[in-house]
Amino acid sequence: MTTEALFAAWLQRTEAHLQQVLPDPETTPQRLHQAMRYAALGGGKRMRPLLVHAAGQLFGANPARLDAAAVAVELIHAYSLVHDDLPAMDDDDLRRGRPTTHIAFDEATAILAGDALQTRAFEVLADAPLPPALALACVRTLACASGAAGMCGGQALDIDATGQQQSLEALKRMHALKTGALIRAAVRMGALCGEAGDDDLARLDAFASTLGLAFQVRDDILDVEASSEQLGKTAGKDQAQDKSTFPSLLGMDGAKATLAELASTMQAALLPFGARAEALSALAELTVRRSH
């Protein structure tokens with residue numbers, strides 16, 4: 001099966017399981033349930049579920065084992081976007097080409113929808129048909145990546161840095177938490193479901209860390225070069241909010257050179273796995289070449 005066919009199959013699994021685990025929009029409280037579904041089912045690249053499946057495939061994991069981890073990490077991602085878009089955070093009104101959740105519903109409902117998506121992610125993992133030790137390892141991995149030592153911590157650093165010039169190292173550290181932590185968790189959970197050993201987990205952590213940084217560098221480039229229509233979100237937002245970005249610190253040529261270096265580093269990290277890592281390699285390539 002080609003990587004394109006694999007990705008299509010994994011995306012289909014993810015969408016089907018998201019539909020299953022999200023609450024019925026006609027069940028009370030309907031408005032909350034409708035907002036949760038609006039936020040989680042409104043499109044997106046589904047990069048993190050794809051990474052779960054690609055890392056699991058590397059070690060021959062049964063796809064049925066990977067479904068819960070793939071859905072859980074996407075629910076966490078969806079919650080983070082809902083909260084990031086709030087007036088108290090990035091104050092954005094466009095996400096995935098349509099009104100953000102607090103615009104489509106209201107601010108209070110959006111906050112509750114984000115909270116509920118987050119807790120639902122851990123319910124999904126706790127209820128998954130996995131050996132208890134594996135389920136616990138996945139819960140711990142996702143929780144650590146989502147909290148103060150991961151995504152939330154990165155968002156706090158981002159807020160603190162608004163309007164200030166960051167050093168390159170500070171910018172990388174912030175995005176290693178804000179963007180990279182959840183990407184690392186996706187890869188790690190997939191590998192754990194395939195019973196990967198410690199050495200392989202360490203190699204994949206290094207790969208995923210580089211992938212998370214590459215994802216953000218590309219995001220910063222697109223924020224300058226792409227339109228809001230292409231991105232499905234407000235273009236030029238970082239500059240408007242006076243945030244440090246890779247192009248602002250390195251120049252556009254320097255940011256693109258950094259992205260090329262990161263692409264080479266990712267492919268080198270996968271070399272020990274040989275052809276088995278074809279899907280992960282393809283996702284790395286998609287990350288550095290994506291147009292939205």
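The model is a predicted one, in which local features need pLDDT of at least 70, side-chain atom pairs count only at pLDDT 80 or more, and totals for chains, interfaces and linings use all residues. Residues are numbered from 1 along each chain as its sequence is written, and side-chain values use heavy atoms, with hydrogens and water left out.

Two packed helices are described by the angle between their axes and the distance between the axes. Here, axes are lines fitted to C-alpha atoms over the stretch in contact, with angles from 0 to 180 degrees between N-to-C directions; helices are DSSP runs (H or I, at least four residues), numbered from the N terminus. The axes of α6 (residues 107-126) and α7 (residues 132-146) come within 9 Å and cross at roughly 160°. The two helices are therefore roughly antiparallel (an angle over 145 degrees). Their contact (heavy atoms within 4.5 Å) joins Ala121, Phe122 and Leu125 of α6 to Ala135, Cys138, Val139, Leu142 and Ala143 of α7. By class, this contact has eight nonpolar, no polar and no charged residues (Ala, Val, Leu, Ile, Met, Phe, Trp, Tyr, Cys and Pro count as nonpolar, Asp, Glu, Lys and Arg as charged, and the others, Gly among them, as polar).

For α9 (residues 168-178) and α10 (residues 180-193), the axes come within 3 Å and cross at roughly 45°. Residues from α9 in this contact are His175, Ala176, Leu177 and Lys178, and those from α10 are Gly180, Ala181 and Arg184. They divide into three nonpolar, two polar and two charged.

Note on methods:
Angles under 35 degrees count as roughly parallel, over 145 as roughly antiparallel, 65 to 115 as roughly perpendicular and the rest as oblique.
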